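Visitor: Hello! Could you show me around this structure?
Guide: Gladly, here it is.

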Amino acid sequence: MTISRRWVSALLVGAALALPASARADEVRVMISGGFSAAYKQLVPQFERVTGHKVSTAYGPSMGTTENAIPVRLNRGEPVDVLIMVGEALTGLTEQGKADKASRVDLARSPIGVAVRAGAPKPDISTVDALRTALLNAKSVAYSDSASGVYVENELFKRLGIEEQMKGKARMIPAEPVAAVVARGEAELGFQQISELLPVAGVDVVGPIPESVQKITIFSAGISSKAGSPKAGADLIAFLASPQAAPVISKTGLDPIAHPAAK
């Protein structure tokens, strides 16, 4: 779906009015995890046109020990101004002194969904019993190495009473979108945030898992404690949290979090 010129114009005008008058030629270095990336990729070019800032981006999971994981990047000293990641993981970085607690803004809520290979039959997952049956009937199941996958592995299977049955056919996928594994036919069912399933070609999203066993992930943004361009970084966060950005965020499978307008 393309964004109309009228809507883009309204977004740019509104954002220009909302953003503070800071320096107009800073580089903003961002580290971002997958769940918010689809919306981010659409919004950043508009932010750059409005402000004159240049945004450079490094992608990686919010947690884990893979080479591109955000905590690993920080530990090896990669420079960053803005962190956009799972809220729980950002809290951990704040407690370690790696992010400014006062700068944190929660951007969106993200439910866990299920995907199958494009054209494959979609199982019923509308109730807890149906989800349990779908998992038991599946020959293989994949889930992410970030927040949603940790929940699936450590909590969901236990809550469904099928922890033992899933051993040997369910696996965590490091450093790759789960939907890509499903698209190649290497897993029958894939579990990840819907916002991370939707952008991948070759899969069909079945829908969210039932509310009673759902885990909503909050994606948040904050300024690095070693930021070189903190003011420009704050401009970017304000832009992503603005009402004008909300339609793009919604379109990518996320629920934007509303914030009171600045006085």
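Visitor: Which residue in S7 is the bridge partner of Ser144?
Guide: A word first: this is a predicted model. Strands S6 and S7 run parallel and are joined by four bridges. Ser144 takes part in the pairing, and its bridge partner in S7 is Ile173.

Visitor: Which strands stand at the edges of the sheet?
Guide: The sheet is open and has five strands with mixed pairing, in the order S7-S6-S8-S5-S9. Each edge strand has a single partner, so one of its sides is left without a neighbour in the sheet. From one strand to the next, the twist averages 30°. The strands at the edges are S7 (170-173) and S9 (203-208).

Visitor: What angle does the direction of H6 make with that of S6?
Guide: Helix H6 packs on this sheet. The strands touched by H6 are S5 (112-117), S6, S7 and S8. Between the direction of H6 and that of S6, the angle is about 125°.

Visitor: Why are the buried residues of H5 on the same side of the helix?
Guide: Helix H5 spans residues 128-137, and its buried residues are Ala130, Leu131, Ala134 and Leu135. They lie on the same side of H5 because the arc they cover around the axis is only 135°.

Visitor: And which residues are exposed on the other side of H5?
Guide: The buried residues of H5 have a cover that includes strand S6 (141-144), helix H6 (147-160), helix H7 (163-166) and strand S8 (189-193). On the other side of H5, the exposed residues are Asp129 and Asn137.

Terms used: Residues numbered from 1 in each chain as written. Predicted model: local features only at pLDDT ≥ 70, side-chain atom pairs only at ≥ 80, totals over all residues. Heavy atoms only, no water. Buried < 20%, exposed > 50% of the residue type's maximum accessible area, 1.4 Å probe, protein only. Helix = DSSP H or I, 4+ residues; strand = E, 2+ residues; numbered from the N terminus. Arc of directions from axis to C-beta. Contact = heavy atoms within 4.5 Å. Pairing = 2+ DSSP bridges. Axes fitted to C-alpha atoms, helices over the stretch in contact; angles between N-to-C directions.
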